[in-house]
Amino acid sequence: DETLCCGGYLQQAVTAGATIAVVWMTAGDSFEIDAIVTERTLRPKGAGLEKLGVRRIAEAHAAADRLGVPRAQQYLLGFPDRDLRVLLQGPAGTPLRSRYTGVNAVPYAGALHPGSPYTGAALRRNLQEVIERFAPTIVLAAAPQDRHPDHSASGALAVELLRAGAARVRIYYWIVHGGHDWPAPRGLHRERPLLPPRIARDLAWERTPLSDAQVAGKLAALGEHRTQLRVMRRFLEAFVRSDEIYAPAP
């Protein structure tokens with residue numbers, strides 16, 4: 001997501017002398033179709049999906065490196081993929097056990113806090129720690145209209161924590177899952193602009209033009225996400241356009 005929606009913006013921020021960071025809420029370890037292809041098994045579960053998570057983490061780090069994000073400012077939280085909304089809206093107490101990996105605490109050694117229990121309170125503490133440590137002035141977060149439940153839930157949590165703080169932070173929304181027909185056309189069309197999806201047309205979208213070099217840098221970063229490119233290349237490449245779009249959070 002940092003590459004699809006923000007790859008050009010991050011490069012522009014680096015050029016302008018800004019300090020940048022990226023936060024991954026999950027390791028993407030529930031993507032069973034991805035695991036079927038990469039692990040060559042028809043029933044990926046448990047350790048197989050956790051292994052996929054390790055690969056996707058490495059790919060995400062490599063992509064962020066290309067976009068100019070310092071390793072010290074690449075934060076992995078590692079909470080359960082596809083379960084963030086349940087985690088944040090569910091009752092406190094007993095940690096949730098992932099339907100995919102079978103674990104109930106952050107299993108990744110490179111996470112901000114390995115072993116953090118899969119609870120909404122722990123997720124809030126982890127993200128709050130990153131916010132306090134990095135002290136952002138501009139934040140790009142998932143729009144509420146994004147149809148992936150992890151995206152909309154993580155965006156809502158970021159907005160909640162940022163607005164509860166004393167500092168003034170500008171928040172802008174991005175979107176990945178904007179409906180089955182978006183973005184269109186599929187495939188690589190680097191000269192075309194990215195138009196807002198119909199499901200989020202009420203947001204005040206703003207266009208950020210990208211230079212040819214920034215488009216090339218974004219495409220190179222996307223190339224690091226090898227496991228996902230193997231199963232959804234045309235969808236992912238459709239985000240490499242002549243611009244990126246963001247909407248100010250109301």
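The structure is a predicted model, where local features need pLDDT of at least 70, side-chain atom pairs count only at pLDDT 80 or more, and totals for chains, interfaces and linings use all residues. Residues are numbered from 1 along each chain as its sequence is written, and side-chain values use heavy atoms, with hydrogens and water left out. Side chains of opposite charge can pair when their charged atoms come close.

**Salt bridges**

- Across the whole structure, a search finds 10 salt bridges (a side-chain nitrogen of Lys or Arg within 4 Å of a carboxyl oxygen of Asp or Glu).
- Asp65 pairs with Arg71, with 2.8 Å between the closest N and O atoms.
- Arg124 and Glu160 meet in a salt bridge at 3.3 Å, N to O.
- This pair links helix α5 (residues 120-134) with helix α6 (residues 149-164), across 36 residues; helices are DSSP runs of H or I, at least four residues, and strands are runs of E, at least two, numbered from the N terminus.
- Glu244 bridges to Lys218, the closest N and O atoms being 2.8 Å apart.
- Glu244 lies in strand β6 (residues 243-248) and Lys218 in helix α7, so their pairing ties together parts 26 residues apart in sequence.

- Glu244 and Lys218 are both buried (under 20% relative accessible area, with exposed over 50% and partly exposed in between; 1.4 Å probe, protein chains only).
- Asp65 counts as partly exposed because its relative accessibility is 35%.
- Asp212, in helix α7 (residues 212-222), is exposed at 63%.
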